[in-house]
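The sequence and the coordinates come first, and my notes follow.

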Amino acid sequence: MLRKFFSSTARVPETSAIPRHIAIIMDGNGRWAKKRMLPRVAGHQRGVERVRDVIQACIEHGVEYLTLFAFSSENWRRPKEEVSKLMELFVMALEREVDKLHSNNIRLKVVGDLKQFSPQLQELIREGETLTAGNDRLVLTIAANYGGRWDILNAMNRWLEANPGARQIDEAGLTEFLSMAYAPEPDLFIRTGGEQRISNYLIWQLAYTELYFTDTLWPDFGAKSLEQAIAWYQKRERRFGRTSEQLLRH
Ligand code: IPE
Ligand code: IPE
Ligand code: MG
């Protein structure tokens with residue numbers, strides 16, 4: 001059973017600890033393809049291959065939760081052909097990879113507003129989640145048709161349904177209904193592709209996350225790049241509001 005987390009900021013993790021939860025915005029597929037005079041979809045295809053390497057590297061380093069932004073609620077604004085290619089790739093990746101995830105003891109979760117996906121895709125997601133529900137080596141979450149604002153509003157609406165007549169929501173009430181209530185908040189956020197923005201990703205959960213931006217385009221991001229990001233993280237001193245001296249006393 002996945003346990004519920006309230007806030008991960010109550011306790012300061014050891015400096016040099018491996019991040020328990022890494023959340024990534026896999027950006028730069030289009031530019032990678034453009035540089036090679038290839039269609040954008042070639043970049044997305046190559047991007048799927050990098051996902052495999054990064055999952056493997058996370059397992060080797062003992063990361064417990066990996067969350068990948070695959071499609072944002074704003075990505076529907078892209079040209080129709082690109083959106084449908086991305087949906088095809090998502091279907092193919094699920095068809096090909098779910099058994100492998102399962103045999104590697106990886107639990108798959110997909111968060112986002114899934115109602116807008118085709119019935120076939122929704123079914124594949126349900127099957128993948130059910131098959132891998134008992135796995136506990138790594139929790140791999142794919143954020144698909146996900147938006148941080150959607151997540152917060154959805155949590156509020158679900159809380160209101162569960163608490164009819166109530167007039168005030170508190171932090172524990174809200175976080176219980178967020179789509180990633182089963183995971184601690186991300187320790188390390190990585191965005192590839194050079195942009196330094198959050199793009200409506202996990203906006204609630206990233207409140208105290210260490211933010212790492214790299215110019216490397218996602219199709220070029222491999223195990224070595226992940227190790228560099230983890231090494232950077234291990235040098236950060238997380239304080240959650242306290243002073244540096246307070247931390248040294250422990
Ligand atoms: C990220 O790469 C993948 C998705 C958003 C699905 P992009 O497609 O955004 O690549 P760039 O930013 O155009 O290079
Ligand atoms: C964010 O990338 C979403 C994903 C990687 C799935 P975008 O490339 O869509 O982000 P913006 O719109 O440029 O900020
Ligand atoms: Mg982009």
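Is Glu 210 buried or exposed? I noted before answering that I am working from a predicted model. Glu 210 is buried, with a relative accessible area of 16%, and the cut-off I applied for that word is under 20%.

**Entry on Glu 210 and its partners**

I looked next at what the side chain of Glu 210 meets, and found a salt bridge with Arg 236 at 3.6 Å, N to O. This pair links distant parts of the chain, since Arg 236 lies in the loop between α7 (223-234) and α8 (244-248) while Glu 210 belongs to strand β6, 26 residues apart. Arg 236 is partly exposed, at a relative accessible area of 34%, whereas Glu 210 is buried. Strand β5 (residues 188-191) and β6 run parallel and are joined by four bridges.

**Entry on the sheet**

From β6 I went on to the whole sheet, which is open and built of six strands in the order β3-β4-β2-β1-β5-β6, with parallel pairing. β3 (106-111) and β6 (210-213) stand at the edges, and because each has a single partner strand, one side of each is left without a neighbour in the sheet. I recorded an average twist of 20° from one strand to the next.

**Entry on other salt bridges**

How far along the helix are Glu 97 and Lys 100 separated? They are three residues apart in helix α3 (residues 80-103), so about one helical turn lies between them. Residues three or four places apart in an α-helix point the same way, because the helix has 3.6 residues a turn. Glu 97 is buried, with a relative accessible area of 12%, while Lys 100 counts as partly exposed at 43%.

**Entry on α2**

I compared the length of α2 with expectation: at 1.5 Å a residue its 22 residues should span 32 Å, and its end C-alpha atoms are 32 Å apart, which agrees. I then listed the buried residues of α2, among them Val 41, His 44, Arg 50, Val 54, Cys 58 and Ile 59. Just after α2, I noted that Gly 62 takes a positive phi of about 80°.

**Entry on a surface patch**

Last, I looked for nonpolar side chains at the surface, and found that Leu 153, Met 156 and Ile 169 form a patch with about 230 Å² of accessible area together. Ile 169 sits in the loop between α5 (148-162) and α6 (171-177), and is partly exposed, with a relative accessible area of 31%.

Key
Residues numbered from 1 in each chain as written. Chains lettered and ligands numbered in written order. Predicted model: local features only at pLDDT ≥ 70, side-chain atom pairs only at ≥ 80, totals over all residues. Heavy atoms only, no water. Patch = residues over 30% accessible without salt bridge, like charges linked within 9 Å, V, L, I, M, F, W, Y side chains within 5 Å. Areas by Shrake-Rupley, 256 points an atom, 1.4 Å probe, with all protein chains shown as cover. Salt bridge = Lys/Arg side-chain N within 4 Å of Asp/Glu carboxyl O. Helix = DSSP H or I, 4+ residues; strand = E, 2+ residues; numbered from the N terminus. Buried < 20%, exposed > 50% of the residue type's maximum accessible area, 1.4 Å probe, protein only. Pairing = 2+ DSSP bridges. Axes fitted to C-alpha atoms, helices over the stretch in contact; angles between N-to-C directions. Expected span 1.5 Å × (residues − 1).
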